[in-house]
Amino acid sequence: MRKGSVSCETAYRTGRTPALLLPPVFLTNQRMSNNGGNSTNDKMSTDEFSPQPPVTEQQKELAQQAMAEFEKGSFGQCAKTMSQLAGARPTDVKVVLNRSVALFYQSQMKQVDEFRHNIHTVFNMARISPDLSEKSNLDDSDYAVVYYNKAVVLYHEKQYRTALAILERLFKYIEPIDEALAQKVMLLLTELYLIVHQPYDALRMVYNVEKFLSGKNQSSQDKDKNDSNSASSVEALRAKLTLYKVRCSLMFKVIKNKKDYKSLQGNSQPVNYAKANYEYLKGNLRKAAKILGNPPNVHLSHSTGECLAVMYANNQALINMCLQKPNIAICQIRDALQYNEKVAKDTVPNDKVRPPLQLSYVSRHYQLLHNLGVLQLHACRPSAAFDCFLECVQVYHRNPRLWLRLAECYIMQDRENNDIDREHTHRLDVVQSTVGSGIHRKLILGQGLDRDRNTNTTGGVVPALNLSFASFCLKNAYALLPKDPLDAKPVPQDSMAESGPPPTDPILLSAEPSNPLQASEVANLRCSILTASAYVCLCTNDFLKALQHAVDLLRQPNLTGAQRYLGHMYKGEALVALDRIADAVTELNPENIKDVSTTLQEVPSDPG
């Protein structure tokens with residue numbers, strides 16, 4: 001019973017709604033129409049910049065005309081109008097920015113390189129840092145839209161960490177920023193936090209948006225303004241915030257609070273997928289499949305860049321896997337891979353034709369390949385699973401559970417079950433010969449059942465289904481785990497009082513493409529890694545390390561019955577190999593094992 005357990009950690013897609021691409025913010029137009037004169041460039045009237053000419057009435061009309069054309073969607077006419085305005089004010093930073101936005105929309109968001117160049121031109125003209133790292137404050141809050149536009153481009157190019165770093169710095173100066181833009185910044189921050197699997201940060205940002213919204217409502221009530229359009233937009237924003245709360249709860253697997261789930265309204269795809277995910281985590285698999293409904297008629301959403309057919313096939317595969325139908329699930333994941341390849345090929349047919357920005361990175365190849373590997377492992381196909389995981393580890397190399405899966409592929413390939421060890425002829429092979437006779441007869445034990453095993457451990461970094469690479473994978477998996485709390489030194493009471501209360505958020509460990517691991521899941525993963533490590537060390541005749549791993553395993557507080565049984569067995573085998581027979585006899589006492597279940601006993605959770 002040396003084979004380690006295989007748990008499922010595949011990602012359940014919820015159909016996220018991306019942020020709006022490049023808001024129609026014409027900052028110069030608003031300044032011109034409201035203030036006029038030279039006030040549009042108050043921050044540029046220094047010795048470093050040439051003073052701007054005063055704004056004429058004709059330029060005001062052009063600015064208002066460009067704004068109206070942009071809001072109507074006439075981007076070609078808007079670009080022409082902005083070109084005329086740029087000819088009159090070539091050094092006006094905000095005019096250059098708005099013209100670049102209009103030209104980008106005119107190109108149907110295909111000229112990404114040119115727009116990125118225009119963004120950096122604006123940074124150079126305004127003498128501001130491209131990443132907001134060299135400024136102690138934002139001199140002109142109107143320049144915040146430049147950073148937001150850059151973050152949106154990075155978002156659609158899947159450079160999430162870079163976009164998040166820019167917006168986190170921009171959030172420090174959120175007070176003087178225009179209300180509409182500040183709201184967009186906070187919503188995009190929430191989306192980015194969810195994408196990089198930081199649900200608690202996303203939830204904090206949702207609360208910030210709610211505070212912002214409540215303050216806005218209070219100010220509108222003070223001014224006695226009752227606009228139906230504004231009321232509908234506020235309700236739509238509240239519905240979006242509720243969906244964000246549900247997605248945060250699903251990410252850290254909190255399914256007890258039903259208030260937010262019941263408040264989900266509408267029949268949109270993100271709402272349906274969130275409801276299905278909720279039922280999936282509760283174990284209501286058939287209800288989750290019913291909520292997903294029929295396959296979508298449209299395979300690709302051109303507004304969001306999501307392949308709906310891929311998401312539907314992937315989620316149905318996860319449901320079938322939990323219904324103990326791994327082969328059907330494998331077929332559905334392969335269908336999802338085919339949909340993904342077709343959509344990627346149709347969207348980006350060649351290097352000469354550039355697709356729109358939101359459709360440039362539609363492929364979900366590695367997420368689907370990861371899920372396929374887990375399903376292949378559940379279907380007892382370790383070689384096929386190994387190929388999938390080996391390709392995924394190039395992208396998700398910081399996922400400790402993925403390294404464990406690679407080692408488990410070897411363990412399953414090497415020993416799928418223990419039926420062969422129970423055969424009588426193989427048990428007789430344990431005794432090599434006998435010496436003496438009668439009461440003085442002694443048994444000479446051989447190398448056991450694994451005497452033909454190849455224990456060569458050279459070249460462990462070469463990917464292959466062998467012992468050496470499995471050992472290498474397990475070392476990586478254990479190194480990526482946080483420090484074992486059992487090894488941490490207790491903090492003195494005095495220093496705890498000085499440092500203040502501990503953080504309230506639980507430890508979350510990134511395990512992309514899956515949801516992050518909480519503290520309890522990290523503890524369970526550590527037990528699985530130690531179990532597999534002890535087995536591999538025994539196979540390589542490294543008995544001292546096997547003994548150490550087994551001791552570390554048995555001192556873990558939350559062990560399943562099967563893991564405790566394996567810990568005693570591996571420890572006893574290592575002690576026998578080290579000629580510590582008396583300790584081994586004590587360790588292999590059958591009274592030590594009373595349960596061999598593979599699940600943990602449910603412990604009532606703390607209501608706090």
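How many helices and how many strands are there in the chain? In this predicted model, for which local features need a pLDDT of at least 70, side-chain atom pairs count only at pLDDT 80 or more, whereas totals for chains, interfaces and linings use all residues. Residues are numbered from 1 along each chain as its sequence is written, and side-chain values use heavy atoms, with hydrogens and water left out. The chain holds 25 helices and two strands, where helices (H or I, at least four residues) and strands (E, at least two) are DSSP runs numbered from the N terminus.

Of the 608 residues in the chain, 46% are buried, a class that stands for under 20% relative accessible area, with exposed meaning over 50% and partly exposed in between (1.4 Å probe, protein chains only). The chain exposes about 31,600 Å², of which carbon and sulfur atoms supply 51%; accessible areas come from the Shrake-Rupley method with a 1.4 Å probe, and for residues only the protein chains shown count as cover. Among contacts (heavy atoms within 4.5 Å) with a separation of 6 or more, 67% are accounted for by residues 24 or more positions apart.

Helix 6 (residues 144-156) has 13 residues and reaches 19 Å from its first C-alpha to its last, close to the 18 Å expected at 1.5 Å a residue, the expected span being 1.5 Å times one less than the number of residues. Because 13 of the 13 residues of helix 6 are buried, this helix is largely enclosed by the rest of the structure. Just after helix 6, K158 takes a positive phi of about 65 degrees. A165 lies in helix 7 (residues 160-171) and counts as partly exposed at 26% relative accessibility. Although A165 and S133 are 32 residues apart in sequence, their C-alpha atoms are 9.5 Å apart in space.

A search of the whole structure finds 11 aromatic pairs, defined as rings of Phe, Tyr and Trp (its six-membered ring) with centres within 6.5 Å, and classed as stacked when the planes are under 30 degrees apart, edge-to-face when over 60 and tilted for the rest. One of these pairs, formed by W403 and F472, is edge-to-face, at 6.0 Å centre to centre and with 90 degrees between the planes. This pair links distant parts of the chain, with W403 in helix 18 (residues 400-414) and F472 in helix 20 (residues 467-479), 69 residues apart. W403 is buried, with a relative accessible area of 11%, whereas F472 is partly exposed at 27%. Another pair, Y535 and Y570, is tilted, at 6.4 Å centre to centre and with 40 degrees between the planes. Here too the pair links distant parts of the chain, since Y535 lies in helix 22 (residues 519-539) and Y570 in helix 24 (residues 561-577), 35 residues apart. Both tyrosines count as buried, Y535 at 0% relative accessibility and Y570 at 2%. Ring pairs also link F386, W403, F469 and F472 into a cluster.

Two cavities of 30 Å³ or more are found in a search of the whole structure; a cavity is a set of points, on a 1 Å grid over the protein atoms alone, where a 1.4 Å probe fits but cannot get out, and its lining residues have an atom within 4 Å of a point. About 40 Å³ of space lies in the second largest cavity, a volume being the space filled by probe spheres set on the points, which are joined across faces, edges and corners. The lining of the second largest cavity consists of S100, L103, F104, S107, Q111, E114, F115 and N118, and helix 4 (93-106) and helix 5 (112-126) each supply at least two residues of that lining.

Definitions and conventions:
1 Å grid on protein atoms, 1.4 Å probe; cavity = no way out; pocket = protein on both sides within 12 Å on 5 of 7 lines; lining within 4 Å.
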